Amino acid sequence: MEIIIKPNAAEAQQEVARILRRQIQRQPDSVLGLATGSTPIPVYAALVKMHQQGELDFSRVITFNLDEYVGLAADHPCSYRGFMQQHLFGKVNLTPKNIHFPDGLAKDVPAHCAEYEAAIGGAGGIDLQLLGIGRDGHIGFNEPSSSLASRTRIKTLTPQTVKDNAKCFGSPDQVPRHVITMGVGTIMDSRHCLLLATGEAKADVIARMAEGAITADVPASALQMHPSCTVVVDEAAAAKLKRHEYYRWVYENKPPWQRV
Ligand code: PGA
């Protein structure tokens, strides 16, 4: 796991946007796994700007989003599909048929989840998976106790996540309790994982994820087993890392060819 510590949130977000730009420029038909949440919003804004400046062509990019609320239609204002439309899909030249999303209204959820897995496989697998992290250690919506080998399936949110995600819905009572999410195993199959976390509210979980035990209690800790995982954090989110100085040292002394 490579940990890149940036002085502030804006620089961490820029770094992640830069890594995504490089991926798309090097491989214009990249398969990207995408994340929602407040953390990646400035990353998507930066990608939109790069597109508008003619630096990024999304026409051959294929996307798979991590998760969606069960019971919400794609056009619901709080759906993750709607979020992506607002922040990225509606502003770049992605080809609609290349956009993949779990269907919150799927009638047969297990069959739909199996189809989603098959679609990822059919696209050749995910080249780069963008991730956030929940304060409880979730990636995607793989809440604590999720199998570290799990595949796309339905999950029940923790009360903490319901509370954390209530903003769009007005009150926690309105937040769906269930979601469809790629599994930890699905995420682990991506060729590269790129996790962004900013702010002091994430400091505890970043330390547990990167330096604690690998445990289903912190599903993101499975990333310690990923052969190619980059974690980009700001100083606030890095504050509780024991090896803080060492990560900085590694980053500063990297041979140029090894940089993401
Ligand atoms: P956040 O969510 O970016 O809104 O903090 C992260 C997550 O739940 O994965």
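Which residues are around the ligand?

## Around the ligand

They are Gly37, Ser38, Thr39, Gly132, Ile133, Gly134, His138 and Lys202. A residue counts as near a molecule if one of its heavy atoms lies within 4 Å of it. By type, this shell holds one nonpolar, six polar and one charged residue. Here Ile counts as nonpolar, Lys as charged, and Gly as polar.

## Basis of the model

This is a predicted model, where local features need pLDDT of at least 70, side-chain atom pairs count only at pLDDT 80 or more, and totals for chains, interfaces and linings use all residues. Residues are numbered from 1 along each chain as its sequence is written, and side-chain values use heavy atoms, leaving out hydrogens and water.

## Polar contacts and cover

Polar contacts here are pairs of N or O atoms within 3.5 Å. A polar side-chain atom of serine 38 lies 2.9 Å from a ligand oxygen atom. For histidine 138, the distance to an oxygen atom of the ligand is 2.6 Å. Lysine 202 also places a polar side-chain atom 2.6 Å from a ligand oxygen. On its own, the ligand has 280 Å² of accessible area, and the protein covers 79% of that. Areas come from the Shrake-Rupley method with a 1.4 Å probe.

## Aromatic pairs

The whole structure has seven aromatic pairs. Rings of Phe, Tyr and Trp (its six-membered ring) pair if their centres lie within 6.5 Å; planes under 30 degrees apart count as stacked, over 60 as edge-to-face and the rest as tilted. The ring centres of phenylalanine 64 and tyrosine 116 are 5.7 Å apart and their planes stand at 75°, so this pair is edge-to-face. It links distant parts of the chain. Phenylalanine 64 is in strand 3 (residues 62-65) and tyrosine 116 in helix 4 (residues 109-122), 52 residues apart. Helices (H or I, at least four residues) and strands (E, at least two) are DSSP runs, numbered from the N terminus.

Conventions:
A polar contact is a pair of N or O atoms within 3.5 Å; within protein, one must be able to donate a hydrogen and the other to accept it, and residues adjacent in sequence count only if both atoms are side-chain atoms.
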